[in-house]
Amino acid sequence: MSTPAEPALARIPGSKSITNRALLLAAAADGPSRLTAPLVSDDTVAFRDGLAALGVEITEQAGADGVDWLVHGIGRGPRGRAGVWCADAGTAARFLPVFAATGAGEFAFDASEQLRARPLRPLIEAIEALGAQVLPGEGAAEGGGLPLRVRTAGLRGGELVVDSSSSSQFLTGILLSAPLMGRPLTVRAPGLVSRPYLDITLALMRHFGGDPAVGPDGRIRVATGGYRARDLRIEPDASTASYVFAAAAVTNRSVTVPGLGSGSLQGDLRFAEVLRLTGAQVEIGPDDTTVTGTGMGTLRGGFEVDMGDISDTFMTLAAIAPFADAPITIRGIGHARLKESDRIAATATNLRALGAEVTDGPDWITITPGPLRPAEIACHCDHRIAMSFSVLGLRTPGITLDDPACVSKTFPQFHQELARLFG
Ligand SMILES: O=C(O)C1=C[C@@H](OP(=O)(O)O)[C@@H](O)[C@H](O)C1
Ligand SMILES: C=C(OP(=O)(O)O)C(=O)O
């Protein structure tokens with residue numbers, strides 16, 4: 001394998017986290033906003049349709065880069081009665097019920113079995129503490145969670161503590177809707193994981209005219225006053241970009257992701273810096289990022305890395321770790337057990353099925369390199385397991401996925417794009 005002179009240009013779709021935050025902020029704003037190049041995938045369509053069910057008109061127009069979404073902001077929370085299907089989208093289940101609770105009426109939320117099983121308790125407690133009722137939905141199990149109904153006459157704001165040790169999404173959900181509450185909100189988030197996602201939230205709130213202030217003790221204060229309509233171009237998804245970056249590293253090729261550079265809002269771009277530890281050449285420019293594999297595709301191992309802030313990308317590293325020259329240990333990823341799958345278990349089991357030596361603990365995994373054999377990968381309906389092991393499959397013949405279509409959660413064209421770039 002030789003390194004091509006010109007890097008291939010990857011077509012990475014828009015950021016899920018930015019698209020869904022922008023949808024909500026634009027819906028709450030005081031007029032129409034245009035979102036350019038949003039991600040169109042299962043998670044964002046579920047979010048968009050959830051807002052539509054809550055009474056927000058969102059129309060689609062052909063744009064220069066795919067479609068634009070025009071969001072006709074209602075300037076307040078929703079009114080009346082509605083049912084929202086969150087599908088598999090954690091962001092829908094954690095952001096939309098708070099928005100609904102700032103309105104008036106009764107709003108039902110439900111989701112797939114997979115999402116029903118994921119944590120929601122801290123969010124429910126927060127909505128109740130802010131003055132709305134959260135009731136079990138039809139067919140709800142004991143213990144609280146989805147399905148649920150929010151019965152509300154608005155949220156009052158004030159002081160709040162949100163346990164954020166299992167997900168940062170509860171905090172984001174509350175912050176995004178805070179300017180619609182009756183009084184200013186001050187919130188503390190003990191145990192906060194995935195901190196860079198809070199930074200995306202704060203940056204986008206400011207873009208839409210909100211004014212969150214983070215105090216020296218970490219408390220976040222948000223004034224009332226709603227949001228202003230604003231246009232926004234959605235940058236490519238940095239977590240999604242991790243697959244083509246890793247693929248370049250293991251195939252000794254060079255790939256550029258345009259539109260994702262040093263000004264990115266997304267912490268997951270740090271994955272490219274993690275790849276540097278493996279010997280890959282990484283250039284993060286102002287408007288794009290290029291990764292080039294070196295050394296005939298052999299990666300440098302023999303390091304430990306904390307990926308707690310960027311845990312959506314730990315499986316990308318784990319899946320290429322068998323090609324390193326020494327073990328790689330990934331730490332700080334306990335909360336990754338609470339996502340679409342128990343991602344530490346799913347990664348370890350699949351790597352072992354391929355013949356790799358893997359040890360793991362509550363919040364870490366160590367992969368010791370060695371020869372691999374073909375196997376069918378159990379995706380557990382987890383798009384990131386499917387995408388990570390597809391990258392591994394570029395170097396190991398005979399790898400198949402039991403559910404290749406699950407990539408549609410965030411990247412419906414993933415398999416075609418990987419084949420176009422690296423086939
Ligand atoms: O706020 C967001 O957009 C997200 C936050 C993270 O979740 P946790 O905060 O649950 O780790 C991340 O894993 C998820 O893909 C998207
Ligand atoms: C954890 C993820 O998604 P969700 O928004 O459903 O939490 C993910 O995309 O990896």
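Visitor: Which residues are around ligand 2?

Guide: In this predicted model, the residues around ligand 2 are Ala89, Gly90, Thr91, Asp312, Lys339, Arg384 and Thr410. A residue counts here because its C-beta atom, placed from the backbone, lies within 6 Å of the ligand.

Visitor: Which domains supply the shell around ligand 2?

Guide: Domain 1 (16-214) and domain 2 (235-422) each give at least three residues to the shell.

Visitor: How many residues of the two domains are in contact?

Guide: On the domain 1 side there are 21, and they meet 18 residues of domain 2. These count as contacts because the C-beta atoms lie within 7 Å. Helix H7 (195-207) is one of the elements on the domain 1 side, and H7 gives the most, with six residues.

Visitor: Why are S9 and S10 called paired?

Guide: Pairing takes at least two bridges. Strand S9 (residues 158-161) and S10 have four, in the parallel sense, so they pair. Val161 has Arg188 of S10 as its bridge partner.

Visitor: What makes S10 and S12 a pair?

Guide: Three bridges join S10 and strand S12 (residues 220-222) in the antiparallel sense; the requirement is at least two, so they pair. Thr186 has Arg221 of S12 as its bridge partner.

Conventions:
Residues numbered from 1 in each chain as written. Chains lettered and ligands numbered in written order. Predicted model: local features only at pLDDT ≥ 70, side-chain atom pairs only at ≥ 80, totals over all residues. Domains from an automatic or database assignment.
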